[in-house]
Structures are given as structure tokens and as C-alpha cells.
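Biologist: I am new to this structure and would like a short tour. Could you take me through it step by step?
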Amino acid sequence: MSRYIAKRLLAAAVMAILASAVIFLIANLVPGDPVLAQLGDIAASDPATVARWRAKWGLDLPLWERYGIFLGGLVQGDLGMSIATRRPVLDDIIQYAPATLELATVAFLLSLAIGIPLGIAAAVWRDGWVDSLARGLSLLGVSAPTFWLAFIMLAIFYGGLEWAPGPGRLDPIAFPPEGPTGLFLFDSLWAGDWETFTDAAAHLVLPSIVLAAATIGLITRTTRAAMLDSLQQDYVRVSRAKGLRGWTVVMRHALPNALVPVVTLGGLAYANLLAGAVMTETVFAWPGLGRYTFRSAAALDFPAIVGITLVVSITYLLVNLVVDMSYAILDPRVRR
Amino acid sequence: MDGFIPPHALQPVPDVPVLEVKDLHTVFMTDNGPIHAVDGVSFTVGPGETLGIVGESGSGKSVTALSLMRLLEEPARIVGGSITFQGKDVLAMSRSELADWRGDRAAMVFQDPMTGLNPVIRILKQVTEHIVSHGRMKPAAARTRGIELLRRMGVAAPERAAASFPHEFSGGMRQRVMMAIGVANDPALLIADEPTTALDVTIQAQILDLLRGLNEEFGTAIVLISHDLGVIGTVCRRVAVMYAGEVVEEAVTAEVLADPRHPYAWALVNAVPRLDAPTGARLTSIEGTPPDALNPPRGCRFEPRCPFKIARCATDHPPLMEVAPGRRARCWVTADGRSLPRPTLPAAAEAEIPLLAEAPLLEARNVEKHFVLRRPSFMKPGLTVHAVNGVDIALHKRESLGVVGESGCGKSTLARLLTRLHEPTGGSVTFEGQDITHATPAAMRSLRPRLQMVFQDPYASLNPRMTIGDALAEPLLAHGRVPNRKAADERVRELLSTVGLKTSFASRYPHEFSGGQRQRVSIARALALNPSVVVADEPVSALDVNVQAQVLNLMLDLRQRLGLSYLFIAHDLAVVRAFCDRVAVMYLGRVVEEGPADDVLSRPLHPYTVALTSAIPEPGRQRVVLGGEPPSTLRLPRGCAFSARCPIAQPACEERPPLAEVASGRKVACHFPGAFAPRTLSRLETVR
């Protein structure tokens with residue numbers, strides 16, 4: 001088991017280095033000139049100003065040298081300066097990441113908490129009303145566009161019924177909790193500030209539902225299919241022949257075998273939630289990485305784009321690492 | 001299990017039958033109407049009794065077993081009759097009563113041990129969870145009992161096994177675990193559905209012994225479902241023969257075997273090749289297939305296929321009648337108590353004598369095949385599977401050579417080496433005088449037509465999207481044997497009639513055929529290019545006994561008509577005996593005994609051959625049950641490969657014995673040929 005983990009870790013490290021090279025290369029090869037995007041029309045027409053700018057940001061150096069500088073900085077935890085915000089990219093990411101992390105994690109847990117039980121119930125009562133409901137919900141979740149769903153939810157639950165608070169992470173007049181992580185739920189609990197906690201939680205409800213909608217659908221479907229397959233296996237019949245009760249058979253014998261594809265999907269889904277919250281963050285005025293990414297891309301802010309991409313790819317690698325380890329926990333045949 | 005018997009097991013319920021089934025009807029609801037899978041089945045199993053249920057696939061025997069435990073799943077449903085267990089109505093039990101009863105008083109062991117154990121749960125948990133859930137024991141006590149059960153079932157190193165996961169075990173060991181699960185709560189009734197079908201013959205013998213032991217020591221009543229009357233004969237005193245959802249004969253097993261009173265039972269008994277039958281004889285087989293389950297015939301369901309039918313059979317459906325004391329049969333012919341005549345076998349047509357003097361057609365010299373596995377890590381050397389380790393074998397013109405052995409002995413790899421589907425790691429292979437050891441695919445292409453192969457699973461080897469006609473025409477066109485498609489179709493019709501299929505079948509797809517018909521198609525495909533040698537890898541082992549007899553008869557006929565030579569790979573010694581002139585017995589990648597099939601199988605000289613022949617479940621035969629399982633092919637033993645399991649192993653066996661000729665035409669790789677001959681084997685000639 002420990003060897004299996006060591007192997008996966010090593011592979012992940014190699015992948016991270018490769019990813020950094022690919023990301024850097026591609027970011028610098030795309031057409032588009034950050035200098036022209038940064039400078040105004042008049043400044044950009046003056047070759048001397050342009051050259052000064054290029055020299056300032058190191059854009060006049062050959063590509064390999066720039067990669068060398070980038071790698072050198074990277075090992076010291078320096079992702080370079082953002083051209084747009086004039087701040088270290090790492091500082092920017094540290095500022096925006098917790099909001100996204102919190103939103104994506106809540107959405108992910110929500111997907112699991114709804115998707116897995118719904119999928120199990122749909123498989124157990126196949127072709128019954130639960131199954132129809134599950135299939136209908138997952139179709140809706142997968143096919144409803146995020147901007148539409150976000151708008152409808154806001155219109156109904158904030159504008160109409162006033163059950164949910166409006167956009168943002170907290171009430172506009174509330175102060176963000178002091179804390180080490182930037183995750184409001186965690187920090188407010190850490191500080192024992194119950195009022196801020198409930199406020200942050202209430203603000204998470206709508207965006208996390210919107211963000212999770214597609215994932216809930218996918219997880220429900222995958223769980224249902226895997227459970228149907230698992231319930232038809234011989235060992236399930238054997239466990240019924242042993243005289244085990246219906247739900248013991250389902251939860252103890254069928255479910256663990258059905259979880260492998262669900263974990264695979266879950267890992268992918270979590271990474272996607274982290275990287276793909278742009279639309280939701282925009283509608284809900286969520287100060288997260290998604291919006292930062294969008295702004296950086298619009299400004300052709302290469303250091304920021306490279307930094308974000310690197311963070312996202314490392315997140316993917318970490319999530320995959322966790323997924324691989326869960327396989328080993330779920331299936332003894334993988335442990336080698 | 002002394003000291004572990006729960007108190008309830010000590011209170012026998014006297015005189016009440018353990019299981020009483022009356023007029024059971026189970027149907028499958030389909031879009032075309034209900035299929036009557038079990039159609040009015042009745043039988044009784046007394047305390048400590050053993051009943052076998054035999055029939056071919058589709059006869060309803062497994063559905064009967066599932067019905068007994070009420071384990072049917074949609075769309076199957078019990079629609080009539082009654083099942084009574086120790087006086088309690090099983091069909092009236094509530095879900096919760098059912099769960100209390102199952103796995104406690106009545107238990108079931110299923111066919112496939114590879115899929116029957118949950119891959120993610122430790123063995124001990126799987127053996128003991130229902131001891132705890134039925135409230136028989138606390139977890140700690142159940143743990144002790146679980147290990148004890150594993151030990152009793154012959155699981156090696158039970159403490160370690162208990163902590164393992166199923167994938168760490170062989171099929172035989174897993175079936176022992178399944179048995180331990182079945183008997184964990186000392187059930188009054190154990191239903192075993194084809195428990196040994198997936199296992200090798202020596203392992204099968206071990207499992208059947210366990211079943212018999214359970215019955216004798218603990219008085220567990222047993223219902224054993226099997227397609228093999230021999231298997232049932234070794235465990236069960238009584239047998240019910242099922243055909244098309246009905247019991248057609250019920251009697252003491254030995255009586256059915258000696259004197260079957262229903263023509264279907266008669267066909268079952270006589271279709272099985274026996275180890276003591278003359279070689280080269282045709283097998284008794286009945287034509288046709290089981291009736292359409294949606295519209296069974298009005299009269300006797302066996303009437304369309306019955307060789308003994310009389311006028312009444314077509315119109316009146318016979319009831320199960322008493323034909324002799326304690327014997328019941330569903331047949332108008334034997335209703336008056338008469339026996340059915342012995343089959344009249346057409347004397348084997350003068351078999352063409354194999355041309356042993358000529359140079360062999362196909363020959364392997366010291367051929368080896370090693371498969372290198374992926375390295376487990378950078379540090380460790382790669383593992384090697386030693387599949388075939390120096391085999392000399394020669395197939396002559398018009399000869400049938402059988403290669404027998406248990407799974408993993410290298411017989412299939414040998415077949416693939418001889419047909420050059422694999423390239424040998426060492427040694428040489430010659431075909432029609434040409435060295436083909438390292439022949440290029442292009443060079444093989446011109447030889448392929450003369451060297452054909454038939455595989456075990458005809459369904460897997462036929463393209464599901466090609467009609468049979470296209471599949472058969474393909475090699476003809478590819479090798480330019482026919483000028484055009486029209487001529488190819490002509491030849492396809494000829495081939496189909498050669499293998500006994502209707503010429504109109506050419507336009508059908510593989511899924512429209514039964515297993516036996518598909519194997520005929522595979523044979524037709526092999527014959528299409530006029531081969532001189534056909535290598536057949538377990539061609540009949542997936543077929544029901546009657547279909548097996550049909551296919552074997554076909555292959556015998558073809559050999560005579562076309563002058564073919566067969567290399568016949570099989571695990572079933574009786575089939576080999578019926579079909580082959582010579583036989584080679586393989587163990588761990590080497591030939592351990594070779595010679596005329598007749599001699600080798602009736603007077604085996606190698607202890608492994610002795611054990612193999614004695615493990616065949618023919619009733620009346622006392623068996624040498626071989627302990628253990630074949631060693632791993634990853635690390636070959638230095639000395640005699642069989643010494644670890646050999647009952648007469650001596651220090652001399654540390655050195656590997658060569659395959660030496662000990663009598664005319666007989667070769668044995670043993671330091672003590674013929675030394676192991678248990679007294680019981682002398683009964684072999686007198687079984688019938």
C-alpha cells in the first residue's frame with residue numbers, strides 16, 4: 001500500500017514538472033501581445049516605449065531563458081508579477097483561491113450527498129417513481145445552462161421569495177471573519193463567530209446548487225448504472241442466499257463495488273468545479289479564481305494565466321492522487 | 001466442528017420431510033408470453049437425504065433451485081404449487097421470515113466460485129457475517145468458528161486465508177470458501193447448483209467428497225443440481241431427471257444409470273462417453289433440440305426427439321407414473337414397467353489405421369513457451385510463466401492425438417504453438433516436413449489452409465455481425481480457392497451439409513444458432529480449405545452431453561470421410577478415450593505420460609494419470625482424491641513437477657525423470673512407473 005502511494009506521488013511530481021513546461025510554452029506561443037493589450041494606442045505606437053515595456057517584463061529574452069527564470073522562481077514559490085494587477089501572481093491566487101475552494105467544495109459535497117443516495121435508490125427501485133425522478137433531475141441538471149439556472153434561482157429565491165440572500169460571500173455590511181484560511185465557513189467557526197458562519201452558509205446555498213447541478217446529474221447517473229451492474233453480480237445473490245436483509249445486501253455488498261466508477265467521476269468533477277466556476281462566480285459576484293482568470297485572460301496577463309493554469313493542473317494532479325488512493329482503499333485488487 | 005455445533009442442530013425434526021415440493025410452477029414473463037421454466041415439479045427430500053436434479057441447459061433445473069430458495073428475480077415468478085420446509089410453507093413466508101430462514105436452515109452454493117465471492121470483502125467476514133446476522137454467535141465466537149469452517153473445508157492455512165481477499169485464491173479454494181459459507185449455520189438443507197462445473201476434475205473430486213462428508217457426518221440434506229449424471233451419482237442416492245421444465249424420471253441414481261426408464265434419461269446416460277467403452281465407437285445421441293418453451297408440444301414434450309415414440313405420445317401428455325417400486329417416469333412406452341433397450345451402436349466403421357510409420361505431419365521437438373510478465377517494480381526481476389517446458393509430440397496422418405491435463409497445464413498453449421499462433425521460445429515445430437518454428441506470418445499464410453483450428457467457445461470465435469455464409473465464404477475467397485462469390489456460396493452449402501446443418505442457414509447470424517450448431521459452423525469453417533490437420537482446443541467442453549455426443553460423432557465421421565488428423569485438446573478423459581488413438585497427459589507444461597489412449601487410460605502408469613482417471617465421477621468408481629493443487633508456473637520445481645502432490649514420492653524424485661519408453665509405444669516420465677496402483681482401480685474394467 002505504501003509503495004503504491006509512493007509510486008503515485010512520484011508520478012504526480014513528474015507530471016507537475018511536465019505540465020509547467022507545456023503550460024509555459026503554450027502560453028507564450030499563443031498569438032497576441034500583452035504589451036499592446038496593456039499600453040494605450042498612443043503609447044503602443046512608440047517603439048521605444050514598447051521596447052522599454054518588453055525589457056521591463058522580460059519579454060525580450062529568448063523563450064528558454066524566460067522558462068529558466070520562471071522555473072527558478074517557481075521553486076522559490078514565486079510565480080512572477082501579474083502584468084495587469086502589478087502584484088505577485090501568487091498573492092493574487094492566495095487572495096482569490098479560498099472563495100473558489102469553498103464554493104467548489106460545498107458544491108462537490110452537495111453533489112455526493114444528493115447524487116449517491118439518489119443513484120442507489122434509483123437502482124434499487126429500478127423503473128419505479130424514484131428512478132423516474134432521479135432520471136428527470138439528472139437530465140435537468142446536466143442540460144440546464146449555468147447562467148440560466150443561476151438567473152432563475154436568483155429571481156425566484158432571492159428576488160421573489162426572499163428566502164436566500166443576494167450575491168456575494170457575505171452580507172454587504174458584514175466584515176469577513178479573521179482567520180488563517182480565507183474559507184469563511186472555517187474561519188468563522190474557528191473564531192466562534194456563529195453569526196458570520198450562518199451568513200456565509202446562507203450565501204453559499206444558491207451558488208453551490210447552481211454550480212453542483214450538472215455534477216449531481218452525472219453522479220446520480222453513474223451511481224445508478226454502477227449499482228445496477230453491481231446488484232446483478234453473483235455475490236449479491238450469494239449474500240441474499242445467506243439471509244442478509246435487503247439494505248445490508250445493498251449497502252455492504254453492492255455499494256462498495258459500485259463506488260469505483262463514482263470515485264473516478266467524482267475526482268474529475270471536483271477538479272472541474274474548481275476550474276469551471278467562472279459563470280457561477282460572475283452571476284453571484286463571487287470574488288474567486290474564476291473571475292480572476294477571466295480578467296487575466298482578457299488582459300493577456302501571461303504570468304497570471306501561467307500561474308493559474310499551473311495551480312489548476314496541480315489541483316488536478318492532487319485530486320487524481322486522492323482518487324488513485326481511494327481505489328486502493330475500495331478495491332483490494334489494486335493494492336500492489 | 002466439535003464444540004461449535006449450535007444447540008438447534010442437535011434437535012432433529014423426526015419424520016417431517018426437510019423439503020417437500022408439490023406441483024411447482026415458475027414462469028418467466030416475456031413480451032411474447034409466459035415461458036414455463038418449471039412446469040409442475042414435485043419431489044420430497046427427507047432428513048439427511050440426497051437428491052440430484054439433472055438435465056441439460058434450459059431444462060429448468062437451476063430455476064427450480066432458485067425457486068426453492070425464493071431467490072428468483074424479475075421477470076421470473078413462482079405462479080403455482082407449494083414448497084414446504086420442515087412443515088413450514090416457504091411461499092407464505094414474509095420477507096423477514098425468509099431472511100431468517102435463508103442461510104440459516106437452508107443454504108445454497110452456486111456454480112461460479114470466481115464471481116460468487118465479493119471481491120472487496122475479506123474472506124472471514126464473508127464466511128461469518130450471516131452467523132452473526134442470524135444471531136447464532138457474537139462476532140468473536142463467529143471468528144473462531146469461521147476459521148474452523150475454513151479448516152474443515154480444506155482451505156490451506158485458514159488463519160491467513162481468513163484475512164485475505166477472494167482474488168488471492170484459486171477457483172477450487174474459492175469453492176471451498178463458498179461451501180464454508182453455505183454450511184456456516186449448520187443448515188438442515190444445502191442446495192448446490194453445479195458446484196463443480198467450473199473446476200478441474202481432481203478439484204471436483206475434492207469438492208464432491210466434501211459434500212458427501214457433510215451429508216454423512218452432519219446429516220445435512222443435499223439437493224445437488226448438475227448436468228452430469230456422474231457427478232450426481234457420486235453424491236446423491238436419488239435423482240430427478242428434468243426435461244423442458246418437467247421431472248421426467250425420478251428414482252435411485254444407480255437404477256437410472258443402469259436402467260433408465262425415460263427415453264430422455266436413456267439418452268443422457270448413453271450420450272456420456274465412458275472410460276471403459278471401446279475406443280473409436282460412436283456415441284449415442286438424439287437428434288433435435290428441446291421444445292420451444294413458449295409453445296410446448298401438446299403430447300409428451302420429448303416426443304419430437306424420442307427414438308421410442310408410439311402413437312399416443314403425440315397426443316396425450318403423460319403424467320409422472322410409478323413404473324416400478326420407488327421409481328416414477330413420465331413415459332407411455334415404459335408405463336407398463338418395461339425397460340428401454342440398450343442402445344445399438346453401429347460398430348465403429350473400420351477406422352483408417354493411422355500411418356504411424358510415415359513421417360509425422362505435425363511434430364514438435366522440445367518445444368517451449370515462456371511468457372515474460374511485466375516487472376512488479378524496478379528492483380525485481382520480471383516474472384516468467386513457464387507455460388510449456390520442452391514437449392516432444394508427433395501427429396501422424398489420419399491419427400487422433402489427445403492432449404489432456406488440468407487448467408494451467410499448458411495444453412492450450414501447446415495447441416497455439418503447434419498452429420503457430422504463438423511463436424515458440426525454444427525447440428522446433430515442423431508441419432508437412434517444413435520447419436515452421438520461426439516462420440513469418442507470410443510464410444504461415446500459405447500453410448494455414450492445411451493447418452486449421454477449432455476453439456472452445458464457438459460464439460466468441462464467430463463474428464456476430466457476419467452471416468454464417470459470409471463467415472464461411474471469407475477464407476475461401478481470401479485464399480483464392482473459388483473464382484467468385486457464386487462458387488463460394490456453392491461450397492458454403494456443401495460445407496454446411498457436411499457438418500449436418502441445413503443449407504438455408506447460410507443467411508443466419510451466429511446468435512440464431514444453439515451452442516452445438518455454432519460448434520458445427522466452426523468445424524465447417526475449419527474444413528473449408530481442406531486441411532490435413534485440425535487442432536481442436538476443447539471443442540465440446542462447453543456443450544451439453546447430448547450435443548457433445550453429436551459433435552464428437554460428426555468429428556469421427558469427418559475423420560473417416562476426409563482422412564483428417566486431429567490434435568484434440570481436452571480435460572475430459574472419457575471424451576479423449578472415445579475419440580483418440582493416442583493420448584498425451586500434460587502436467588505443468590510437460591508430457592508426463594504418452595501412449596495408446598486405450599492403454600494409458602485403463603492401465604495408467606504415471607501416478608498423476610492414475611489420479612486423473614480415478615477422479616472422473618463415474619458412479620461405482622472408488623476414487624483416489626489427490627490433495628492440493630498444481631504448483632505455480634512462475635517458478636518450476638527442479639525435480640519431478642508432480643512430486644509435491646504425488647502419493648508415492650521418494651527422495652529420487654528430487655531429480656526430474658525423463659519421458660522414457662517403458663513398453664511398446666508407452667512413455668512415462670516417472671521414476672516408479674506403475675508403482676501407484678490403488679486396489680480400487682482394478683474395478684475399472686468391471687464397472688458396467
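Modeller: One term is needed at the outset: a contact means heavy atoms within 4.5 Å. Please also keep in mind that this is a predicted model.

Biologist: Which residues is B:Gln204 in contact with, leaving aside its neighbours within four places in sequence?
Modeller: B:Gln204 is in contact with B:Thr196, B:Leu199, B:Val231 and B:Pro617.

Biologist: And where is the place of B:Gln204? Is B:Gln204 buried or exposed?
Modeller: B:Gln204 is located in helix 8 of chain B, which covers residues 201-218. Its relative accessible area is 9%, and buried means under 20%, so B:Gln204 is buried.

Biologist: How confident is the prediction for chain B?
Modeller: The average pLDDT of chain B is 85, and 92% of the residues score at least 70. Over residues 1-11 of chain B, however, the pLDDT is below 50, although this stretch has 17 contacts in the model beyond near neighbours in sequence. Residues 680-688 of chain B also have a pLDDT below 50, and there too the model has 17 contacts beyond near neighbours in sequence. Where pLDDT is low, the predicted coordinates should not be read in detail.

Biologist: What does the UniProt annotation cover in chain B?
Modeller: The unreviewed UniProt entry carries the annotation "domain: ABC transporter" for residues 19-269 and 373-613 of chain B. Over residues 19-269, the chain is 40% helix and 28% strand, with the end C-alpha atoms 27 Å apart.

Biologist: Which residues touch the most other members of the largest nonpolar core?
Modeller: That core has 106 residues, and those touching the most other members are B:Leu19, B:Phe43, B:Met108, B:Leu189 and B:Leu224. Its largest share, 7 residues, comes from helix 7 of chain B, residues 171-183. Apart from it lies another core of 72 residues, including B:Leu552 and B:Phe568.

Biologist: Turning to chain A, which residues are buried in helix 5?
Modeller: The buried residues there are A:Arg66, A:Tyr67, A:Phe70 and A:Gly73. They cover an arc of only 125° around the axis, and therefore lie on the same side of helix 5 of chain A. On the other side, A:Trp64 and A:Val75 are exposed.

Biologist: What covers the buried residues of helix 5 of chain A?
Modeller: The cover includes helix 1 (2-29) and helix 15 (302-330) of chain A.

Biologist: And what follows helix 5 of chain A?
Modeller: Helix 5 of chain A is followed by A:Gly77, which has a positive phi, near 75°.

Key. Residues are numbered from 1 along each chain as its sequence is written. Chains are lettered from A and ligands numbered from 1 in the order in which they are written. This is a predicted model: local features need pLDDT of at least 70, side-chain atom pairs count only at pLDDT 80 or more; totals for chains, interfaces and linings use all residues. Side-chain values use heavy atoms; hydrogens and water are left out. UniProt positions are given in the numbering used here, feature names are shortened, and annotations may be inferred rather than shown by experiment. Helices (H or I, at least four residues) and strands (E, at least two) are DSSP runs, numbered from the N terminus. Buried means under 20% relative accessible area, exposed over 50%, partly exposed in between (1.4 Å probe, protein chains only). The arc is that of the directions from the helix axis to the C-beta atoms. A nonpolar core is a set of buried Ala, Val, Leu, Ile, Met, Phe, Trp, Tyr and Cys residues joined through side-chain atoms within 4.5 Å. pLDDT is the predictor's confidence in each residue, from 0 to 100.
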